[in-house]
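Hello,

Here is the structure I promised to pass on. Have a look at it first, then read my notes below.

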Amino acid sequence: MTAEASTQDLLPADLTMGTVMLKVGDMKVMTDYYQRALGLEIVAEQDGGLYLGRRHKPLVHLAPAPGLAIPSRGEAGLFHTALLFEDQPSLAATVATAAQYEPQSFTGSADHLVSEAFYFSDPEGNGIELYWDRPREAWSWEGKNVVMDSLALPPQRYLETFLTEESVTGQREAEAGVGHVHLQVGDVHSAQEFYVGTLGFEKTAGWHGQALFVSAGGYHHHMAMNVWNSRGAGPRRDTLGLGEVLIEVPSGDDVGALADRLQTAGVQSHHTGAELRFEDPWRNRIRVAVR
C-alpha cells in the first residue's frame, strides 16, 4: 500500500496533533519549567498528572513515573515536541522566557524557509521546538516535496526585532498548539513503511536518508522521524520521556478506516470506536482520537 494509492488510504487532510504525554520523574521541577519557562498554565489534573496548555487547550500531559530512568541518547523515542505560535511576537515572548529561565536549555535556532524555529531541552532531556510558520503561499514545493533548509536565525536579533511589551504581558493569553512531533527511530525506511505506507501520512521531505518528514493535507510536516542519534535502535524500554503521541481526526469514520489499515498490515491495535491505540515499530505509543 502506498500513500498515493487512493484518498481512502490517507489520513484526513484536516487532522491536528493533540496533547503530547511525557512520563516524568520529578513533577515539581518539570511543572515549574513548563509553566515558567514556556508560559503554559495547568488546564486539568488527572491521576496525579497535569495537563498544561494555553487558553484551556492542553498541549503537554505530564504523567508521574517515579523510578523510571532517563533514556540514553541513542534510544528511540522523542526528538522534540514542537509548539506552534500564531505570530512572531508571541513566539519571541516564549523564546525569551525559556532562555531567561535556564540559558543552558537553549540548543539552537534555524530558519527552515517554511518556519522560524528555536530549540530547547526540558529538565529531563525532552526536546522542545518553539516555532512560527510562514504563510503557506510563501512555501516552495518541488513536486510533492516541500523545500526546507536550516539557515542561520540569530536569537538576539530575533528578540530585538519581534519582542514587544504587549507580547510579554499577554504571553499566557496567546494561542499555541502542538504543530508537529519529531521522533527518534532506528531506521528511516521502516519509518516510511509504517507512517506513510500503513498509517496514511504523505511524505513531504527527506534528509539524506537520515530523516523523514510526513504530513496530511499539504502541511510541511505533522510528524518527523530521524536516526541522527538513534540509527539501529530497537524497540524502546519503558523509560521517562515520551509516553504517547495524540493525533486528532474529525470523525469516527477516520478512526475506523485507520483501524482497517492497521489490521490489514498486521499491526496490533486497541479500537474503542472513538479512538485507536497502537505502537510504531519502536514501541512509540500513538493514539488517534476524534476531536
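**Hairpins, sheet and pockets**

Start with the hairpin of S16 and S17. Three residues lie between its strands, and Gly-273 takes a positive phi near 105° there. Bear in mind that this is a predicted model. S16 covers residues 269–271 and S17 covers residues 275–279; the two pair in the antiparallel sense over three bridges. His-271 has Leu-276 in S17 as its bridge partner.

Leu-276 also has a bridge partner in S18, namely Val-288. S18 spans residues 285–290 and runs antiparallel to S17, with five bridges joining them. The hairpin of S17 and S18 has five residues between the strands. In that hairpin, Arg-283 takes a positive phi near 65°.

**The sheet**

Where do these strands sit? They belong to an open sheet of eight strands, in the order S2-S3-S4-S1-S15-S18-S17-S16. The pairing is mixed. S2 (41–46) and S16 are the edge strands, each pairing on one side only. Neighbouring strands are turned by 20° against each other on average, direction ignored. Helix H6, residues 252–265, packs on this sheet. H6 touches S15, S16, S17 and S18, and its direction makes about 30° with that of S17.

S2 is joined to S3 (residues 49–54) by five bridges, and the two run antiparallel. Ala-44 stands opposite Tyr-51 in S3. The hairpin of S2 and S3 has two residues between the strands, and Asp-47 takes a positive phi near 50° in it.

**The pockets**

Which residues lie nearest the centre of the largest pocket? They are Phe-79, His-80, Tyr-119, His-182 and Trp-228, out of 46 lining residues. Several strands give two or more residues to this lining, including S5 (77–85), S7 (115–121), S8 (127–133) and S11 (176–184). S15 (241–249), also a strand of the sheet, is another of these contributors. The space in this pocket is about 960 Å³. Its lining has 18 nonpolar, 21 polar and seven charged residues.

The second largest pocket holds about 370 Å³ of space. Its lining has 20 residues, and the closest to the centre are Thr-16, Lys-57, Leu-84, Gly-177 and Val-178. Two or more lining residues come from each of S1 (16–24), S4 (57–64), S5 and S11. By class, this lining divides into nine nonpolar, six polar and five charged residues. Note that S5 and S11 each give two or more residues to the largest pocket and to the second largest pocket.

**The cavity**

How many cavities of 30 Å³ or more are there? The count comes to one. S5 and S8 are the elements that give two or more residues to the lining. Five of the lining residues are nonpolar, two are polar and none is charged.

If you open the model, I would go in the order above: hairpins, sheet, pockets, cavity.

Best wishes

Note on methods: Residues numbered from 1 in each chain as written. Predicted model: local features only at pLDDT ≥ 70, side-chain atom pairs only at ≥ 80, totals over all residues. Heavy atoms only, no water. Pairing = 2+ DSSP bridges. Helix = DSSP H or I, 4+ residues; strand = E, 2+ residues; numbered from the N terminus. 1 Å grid on protein atoms, 1.4 Å probe; cavity = no way out; pocket = protein on both sides within 12 Å on 5 of 7 lines; lining within 4 Å. Points joined across faces, edges and corners; volume = space filled by probe spheres on them. Nonpolar A, V, L, I, M, F, W, Y, C, P; charged D, E, K, R; others polar. Axes fitted to C-alpha atoms, helices over the stretch in contact; angles between N-to-C directions. Contact = heavy atoms within 4.5 Å.
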